[in-house]
Amino acid sequence: MSSAPTNRPSAPRPGRLGVGVVGAGRVGAVLASALRAAGHAVVGATAVSEESRDRVEALLPGVPVLTVDEVVERAELVLLTVPDDVLPGLVSGLGELGRWQGGQLVVHTSGRYGTEVLAPARAAGSIPLAIHPAMTFTGTSLDLGRLTGCPFAVTAAAPVLPIAQALVVEIGGEPFVLDEARRPVYHAALAHGGNHLVTLVAQAERALAAAGLEEPGVLLTPLLTAALDGALRGGEQGLTGPVVRGDVGTVRAHLEALARLDGEDLDILDGYRHLAAATTRRALAAGRITEPVAAALLDALAEPADVTERAAAPARDGGAQAFAAAPAPAGAPVVPGGTPAADVDAATPLEPVLARTRAELAAALRSLGGTRALVMTMGALHEGHLSLVRAAQARADHVVVSVYVNPLQFGPGEDFEAYPRDLEADVALLARAGVDVVFAPTDAEAYPAEPLVRVDPGPVATVLEGRTRPGHFAGVLQIVCKVLNLVRPDLAVFGQKDAQQLALVRTMVRDLDLGVEIVGVPIRREPDGLAMSSRNAYLGPAERERALALSKALRAGAEAAEAGAAAVVTAARGVLDAAEGVDLDYLALVDPDTFLPLADTATGPGLLAVAASVGGTRLIDNTTVQLGPRH
Ligand SMILES: Nc1ncnc2c1ncn2[C@@H]1O[C@H](COP(=O)(O)OP(=O)(O)OP(=O)(O)O)[C@@H](O)[C@H]1O
Ligand SMILES: CC(C)(CO)[C@@H](O)C(=O)[O-]
Ligand code: BAL
């Protein structure tokens, strides 16, 4: 926490004050009651709803229910306990009417706001204070006990801060000082942990009820109590369950079971997907699972769970093998205008629209409603690309895949001409995957004129890949920017396999305000560890075997991560040095954001990246490592 605990004994007592409450909701009535118990007088409260009036009667017996004007007029301390969204208008409205008084304490209990929202009261000479109890309230006398020891975030100008602290201390709370600017994220954290926990428990109870269990709350209590206790004490280190065990099959079975729940409970599937993906990423960062396990879990979580969930879902079992072995789908790809609806039923994948020109793309996009995601590729598609497609499908209503071998990113002597091209097979694969639009422009459509205005990728493009392939990233960003502008997606998905490319795309989107979300997807590997790549097709059987040195080196490096940066590089280099027929271009341990080399003493996340040629085929691979001792 950025704040320092306050020194309780030095906080002055504000003396006996006349307290007025505006908004006798749960928090207002309870805090006023506590202030009363501390010796202050409650001079009035506003209470519009019957519930609020009952609350005043129960918690503040004898206190008159008044109008806002009357409360503000009579009170030396005005307690504003209204909803956050009402607060600014209320304070400025009272200011415009000249109701605020010099010397009056004006205290609000919003978590999100500091004292700036009280500026109209300060302008009239009153003393603005913001206090926020990190607690949930029932609005009954039960809450009074909960105030003892309850942390309160306190924000106020330095000279009057002790007054706010003293008020908190008087009602039994523990004040801590919080900067105004940090309040929104502080409040988001509490809402996420405290409120969304309620939703999570409710969803777990509904799923248990769907399993025919009668007292889900009773059943859950021991587990949830132990899990909460463990999480608060040991964070992710205490995590148990299928994600940390790498039980991908179980996760898939869960998704399928949840997809079959009644419509009103379908939010559970959505919640499960998001939280399991977040759990996977956190378990990976905490070193509880390896990258291949995380990749497999994230892929499973991105797959449509049931054919009924998405009309054009891919076949589920068999994954890439099923796609690759399947015959080309009947019928040629369709042009904009679409497949006649009568030809399609829910189980038949829709043909994607194949757009070869900008005009065809524009027409295809016009016919799509909802949100859309873009996946950019150079074709010769494999399961790695399909994992990008599935990640896109999990996040948007429609998916556009571009297939284009971009000449601008190839240097002289590189494999532009030899690069594998098979549009028909790619479209067939994308049809099976349920993609909506395939954009495969010709060179003349992609670059109707020699581009005069170029994207400058900046310094990150001069190291690693950029050092060996000068001009490569300028060419990549030129086409990425262009296709983003032609497709105008809500989000675009890129592979972590090209980590430097992913980082540069993110930087371009940030620096040029392109207004698109960039999603990164973990590296998809063959069972023996080789990163999937279209260029693997160039490898003969012996070379294919030798190419394993790259992923083996990364694994050796990652396993040495606890011993620090130097050990990581030494371990990885050892594998590469021992490998025959592997011509190393670079092996580098760099900062995952800046791509600058990491010092031997570095701790935290690092990116271990490798590029090497095997029999003339240039391959790249990388892994993230967590440097330094695990805690
Ligand atoms: N194994 C993989 N796992 C995850 N994403 C991948 C994988 N391979 C490629 N991608 C991603 O797919 C997108 C398109 O990449 P591209 O068409 O260049 O495929 P590729 O197999 O990497 O080809 P190449 O052999 O030219 O490197 C990029 O965002 C890339 O990072
Ligand atoms: C992003 C991309 C499709 C641009 O040509 C290419 O660099 C790739 O395939 O990663
Ligand atoms: N996969 C990145 C594109 C390229 O190598 O040109």
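## A buried histidine

His-385 is buried, because 28 other C-beta atoms lie within 10 Å of its own; a residue counts as buried if there are 20 or more such atoms within 10 Å, as exposed if there are 12 or fewer, and as partly exposed in between, with C-beta atoms placed from the backbone. The residue has its place in helix H16, which covers residues 383-395. According to an unreviewed UniProt entry, the annotation "active site" covers His-385, although such annotations, given here with shortened feature names and in the numbering used here, may be inferred rather than shown by experiment.

## The model and the chain

This is a predicted model, in which local features need pLDDT of at least 70 and side-chain atom pairs count only at pLDDT 80 or more, whereas totals for chains, interfaces and linings use all residues. Residues are numbered from 1 along each chain as its sequence is written, while chains are lettered from A and ligands numbered from 1 in the order in which they are written.

The chain has 24 helices and 16 strands, which are DSSP runs numbered from the N terminus (H or I, at least four residues, for helices, and E, at least two, for strands). Of its 631 residues, 40% count as buried. Among contacts in the chain with a separation of 6 or more, 67% are between residues 24 or more positions apart, a contact being two residues whose C-beta atoms, placed from the backbone, lie within 7 Å.

## Surroundings of the two ligands

Ligand 1 is surrounded by 18 residues, of which the closest are Gly-384, Gly-495, Arg-524, Met-532 and Arg-535; a residue is near a molecule if its C-beta atom, placed from the backbone, lies within 6 Å of it. Helix H16 gives the most to this shell, with 4 residues, and both H16 and strand E12 (491-495) supply at least two residues each. By class, the shell around ligand 1 divides into 7 nonpolar, 7 polar and 4 charged residues, where Ala, Val, Leu, Ile, Met, Phe, Trp, Tyr, Cys and Pro count as nonpolar, Asp, Glu, Lys and Arg as charged, and the others, Gly among them, as polar.

The residues around ligand 2 include Met-376, Thr-377, Asn-406, Val-476 and Asp-498. Strand E9 (372-377) and helix H20 (472-487) each supply at least two residues of this shell, and H20 gives the most, with 3 residues. The shell around ligand 2 has 5 nonpolar, 4 polar and 1 charged residues.

## An open sheet of seven strands

In the order E2-E1-E3-E4-E5-E6-E7, 7 strands form an open sheet with mixed pairing, two strands being paired if DSSP finds at least two bridges between them. Strand E2 (41-45) and strand E7 (174-177) stand at the edges with a single partner strand each, so one side of each is left without a neighbour in the sheet. Neighbouring strands are turned by 25° against each other on average, direction ignored.

## Strand E5 and its neighbours

Strand E5 (residues 127-133) runs parallel to strand E4 (residues 105-108), to which 4 bridges join it, and Val-106 stands opposite Pro-128 in E5. With E6, strand E5 pairs in the antiparallel sense over 4 bridges, and the bridge partner of His-132 in E6 is Ala-153.

Because 7 of the 7 residues of E5 are buried, this strand is largely enclosed by the rest of the structure. Ile-127, Leu-129, Ile-131 and Pro-133 point one way from E5, while Pro-128, Ala-130 and His-132 point the other way. Helix H7 (residues 161-170) lies across E4, E5, strand E6 (151-155) and E7, running at about 40° to E5; axes are lines fitted to C-alpha atoms, for helices over the stretch in contact, and angles run from 0 to 180 degrees between N-to-C directions.
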